[in-house]
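Work through these exercises with the model open. Try each task before you read its solution.

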Amino acid sequence: MYANHRSVKGRYISFCLGCIAVIGILHALFSKIAEWVPTFSSHLFPTLTIFLLVFDLFIACFMAMKYWCDRKRLYLVSLAFAFAGSASLMVGTLCSFPAWLDLYQFNAVNYNDAMIFYMFRHLLMAVLIIVSAILYTTRNCPLSRLAHIAIVSGEFLFTVFAVGLAWMYSSHSSFLSIDLVDNETREFMVLWSHFINIALIALWVVTLATLMFITRIRNLFWVGGNFLCVCYIVTLSMLLVGGHVEDVSWYRARLFETVATLMIIFVLLYDVFQAVSRLAR
């Protein structure tokens, strides 16, 4: 019992030190890039968003295929819906940048819409990751077919609801509205900077604590999951420091999130290679 406690504590310490090292390296790298390129192109944000969209779709497909190989891992469905919903909401973000593809599109960028999709994306992913952690506790307890269908259907409906609600709050619909960014001054509204941003950070802290407590970072797969939570806490903290969009913090947060997601893909692939090598022995 004592040895097991020391093992878990050692994993926590190693994980924390690893996160500090990776975040420090990425921060130093971005600072160096900021010195080389003092002013970023307005197309950088949508370009990074496209990369992030592709990465999230890749992870969603990865989770779905892994679940298809082992139907007992119902927690993977939650992760698949989380990343699929994230990719769907990033399509909405790209729609807020009308000139990202069309050279002759001169409509103004709707930063408020971009932040609305960003907010719902974090909310969707945090909730589904918590659900995934809870379902992870049932991995050795086979659920009935009815419960299985009910859980998957509930996750699907929640994802559709979150994406639909984000769309209704955006300028694409006049049904609901919320102001997070002033499109003229590009400054964050008080609602975002003093409430929503802090609330999302708190939500991700709760998600990280739940994930660490339940999974105990027992394998490389959950190292990636916990690291994802840390990354989102860091990116939201970067935006909390920044006062408006299109500043250094705006690009730093998106670049950090993109690189971190790519690193998580490498972690997942390495986890697969380890599993294959164990089977080959």
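**Exercise 1. Check the span of H7, then find what caps it and how far it is covered.**

Solution. This is a predicted model.
- Step 1: Count the residues. H7 has 22.
- Step 2: Take the span from first C-alpha to last. H7 reaches 32 Å, close to the 32 Å expected at 1.5 Å a residue.
- Step 3: Look at the N-terminal end. Asn 219 caps H7 there, with a side-chain oxygen 3.2 Å from the backbone nitrogen of Phe 221.
- Step 4: Check burial. H7 is mostly covered, with 17 of its 22 residues buried.

**Exercise 2. Describe the largest nonpolar core and the surroundings of Trp 204.**

Solution. 
- Step 1: Size the core. The largest one holds 78 residues.
- Step 2: Pick out the residues with the most contacts inside it. They are Met 63, Leu 180, Trp 192, Trp 204 and Trp 250.
- Step 3: Trace the contributors. Helices H1 (2-36), H2 (44-69), H3 (75-95), H4 (111-136), H5 (145-169), H6 (190-215), H7 (220-241) and H8 (248-280) each give at least two residues to this core. H4 supplies the largest share, 16 residues.
- Step 4: Set aside neighbours of Trp 204 within four places in sequence. Trp 204 then contacts His 122, Met 125, Ala 126, Ile 129, Cys 229, Tyr 232, Ile 233 and Leu 236.

**Exercise 3. Is Leu 176 buried, partly exposed or exposed?**

Solution. 
- Step 1: Locate the residue. Leu 176 sits in the loop between H5 and H6.
- Step 2: Apply the cut-offs. Buried means under 20% relative accessible area, and exposed means over 50%. Leu 176 has 25% relative accessibility, so it counts as partly exposed.
- Step 3: List its contacts, leaving out neighbours within four places in sequence. Leu 176 touches Leu 165, Met 168, Tyr 169 and Ser 170.

**Exercise 4. Compare the UniProt record with the model at residues 42-62 and 149-169.**

Solution. 
- Step 1: Read the record. The unreviewed UniProt entry places "transmembrane region" features at several spans, including 42-62 and 149-169.
- Step 2: Take residues 42-62. This span is 90% helix and 0% strand, and its end C-alpha atoms lie 32 Å apart.
- Step 3: Take residues 149-169. Here the chain is 100% helix and 0% strand, with end C-alpha atoms 30 Å apart.

**Exercise 5. Judge the overall fold.**

Solution. 
- Step 1: Count the elements. The protein has eight helices and zero strands.

How values were computed
Residues are numbered from 1 along each chain as its sequence is written. This is a predicted model: local features need pLDDT of at least 70, side-chain atom pairs count only at pLDDT 80 or more; totals for chains, interfaces and linings use all residues. Side-chain values use heavy atoms; hydrogens and water are left out. A nonpolar core is a set of buried Ala, Val, Leu, Ile, Met, Phe, Trp, Tyr and Cys residues joined through side-chain atoms within 4.5 Å. Buried means under 20% relative accessible area, exposed over 50%, partly exposed in between (1.4 Å probe, protein chains only). Helices (H or I, at least four residues) and strands (E, at least two) are DSSP runs, numbered from the N terminus. Contact means heavy atoms within 4.5 Å. UniProt positions are given in the numbering used here, feature names are shortened, and annotations may be inferred rather than shown by experiment. The expected span of a helix is 1.5 Å times one less than its number of residues. A polar contact is a pair of N or O atoms within 3.5 Å; within protein, one must be able to donate a hydrogen and the other to accept it, and residues adjacent in sequence count only if both atoms are side-chain atoms.
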